[in-house]
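These are my notebook entries on one protein chain.

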Amino acid sequence: MAKEQEVVKNFIFISSEKAPPFLNEYLSSKKEAEEYLLNSCNYLNIHIVRPGFIVQAQDRSWSPFVGCVVNIVANLNEGLIQKTPLADPLDFLFPARATPLETIADVVIGGAHEKLPPKVW
């Protein structure tokens with residue numbers, strides 16, 4: 001009798017790069033879920049996607065403009081604020097870079113179809 005191969009399932013978790021201002025619980029719950037998946041679910045191939053503000057022009061025509069503003073503010077944070085003593089106390093006010101929905105979809109589909117290795121994106 002042939003030995004049954006163990007099937008490992010792929011699991012894609014869409015997390016977040018940063019919390020919206022004044023919503024730290026949002027990010028802490030995402031990080032808690034990530035830790036659980038990575039430490040307790042070794043029977044799964046875990047793919048974690050951490051997007052910033054999600055940009056998608058087709059259904060959210062306003063999002064490319066907001067995405068540009070988000071990227072300008074993120075660049076300001078990375079290029080200037082992070083080099084000052086105010087970096088830690090002010091970091092929560094600055095967003096992560098915008099992420100196109102298509103990029104997230106590519107990672108999700110690639111992970112689900114085993115075309116990408118399990119990792120944090």
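Entry: terms and the end of a helix. I take a helix to be a DSSP run of H or I with at least four residues, and a strand to be a DSSP run of E with at least two, each numbered from the N terminus. With that settled, I looked just after helix 4, where E114 takes a positive phi of about 60°. I also noted that the model is a predicted one.

Entry: helix 4. I found that helix 4 comprises residues 101–112, which makes 12 residues. From its first C-alpha to its last it reaches 16 Å, close to the 16 Å expected at 1.5 Å a residue. I then looked up burial, for which the cut-off is under 20% relative accessible area. The buried residues of helix 4 are I104, V107, G110 and G111. Seen down the axis of helix 4, these buried residues fall within an arc of 135°, so they line one face of the helix. The face turned away from that buried side carries D106 and I109, which are exposed. I asked what covers the buried residues of helix 4. The cover includes strand 1, strand 2, strand 3 and strand 4 (99–100).

Entry: Is I12 buried or partly exposed? Its relative accessible area is 22%, and so I12 counts as partly exposed. The C-alpha atoms of I12 and V107 are separated by 8.9 Å, although the two residues are 95 residues apart along the chain. Leaving out residues up to four places away in sequence, I12 touches H47, V49, V108, G111 and A112.

Entry: helix 1. I checked the span of helix 1, residues 24–40. Its 17 residues should span 24 Å at 1.5 Å a residue, and its end C-alpha atoms are 24 Å apart, which agrees. Which residues of helix 1 are buried? They are L27, K30, E34 and L37. Down the axis of helix 1, the buried residues fall within an arc of 90°, so they line one face of the helix. On the face turned away from the buried side of helix 1, I found the exposed residues E25, E32, Y36 and N39. Strand 1 (9–14) and strand 2 (44–49) are among what covers the buried residues of helix 1.

Entry: E34. E34 is buried because its relative accessible area is 2%, and the cut-off for buried is under 20%. Residues up to four places away in sequence being left out, E34 touches F13, S15, I48 and R50.

Entry: N42. I moved on to the loop between helix 1 and strand 2, where N42 lies. N42 has 73% relative accessibility and therefore counts as exposed. The C-alpha atoms of N42 and V8 are separated by 9.3 Å, and the two residues are 34 residues apart along the chain.

Entry: helix 2. I recorded that helix 2, residues 63–79, has 17 residues. It reaches 23 Å from its first C-alpha to its last, close to the 24 Å expected at 1.5 Å a residue. The buried residues of helix 2 are S63, G67, V70, A74 and N77. They cover an arc of only 80° around the axis, which puts them on the same side of helix 2. F65 and I72 are exposed on the other side of helix 2. What covers the buried residues of helix 2 includes strand 3 (54–55).

Entry: L90. I found L90 in helix 3, residues 87–90. With 27% relative accessibility, L90 counts as partly exposed. The C-alpha atoms of L90 and N77 are separated by 9.1 Å, the residues being 13 residues apart along the chain.

Entry: the largest pocket. How much space lies in the largest pocket? I noted about 240 Å³. Of the 17 residues that line the largest pocket, S16, K18, P20, G52 and F53 are the closest to its centre. I finally sorted the residues of its lining by kind, and they divide into 12 nonpolar, 3 polar and 2 charged.

Conventions
Residues are numbered from 1 along each chain as its sequence is written. This is a predicted model: local features need pLDDT of at least 70, side-chain atom pairs count only at pLDDT 80 or more; totals for chains, interfaces and linings use all residues. Side-chain values use heavy atoms; hydrogens and water are left out. On a 1 Å grid over the protein atoms alone, a cavity is a set of points where a 1.4 Å probe fits but cannot get out, and a pocket is an open set with protein on both sides within 12 Å along at least five of seven lines; lining residues have an atom within 4 Å of a point. Grid points are joined across faces, edges and corners, and a volume is the space filled by probe spheres set on the points. Ala, Val, Leu, Ile, Met, Phe, Trp, Tyr, Cys and Pro count as nonpolar, Asp, Glu, Lys and Arg as charged, and the others, Gly among them, as polar. The expected span of a helix is 1.5 Å times one less than its number of residues. Buried means under 20% relative accessible area, exposed over 50%, partly exposed in between (1.4 Å probe, protein chains only). The arc is that of the directions from the helix axis to the C-beta atoms. Contact means heavy atoms within 4.5 Å.
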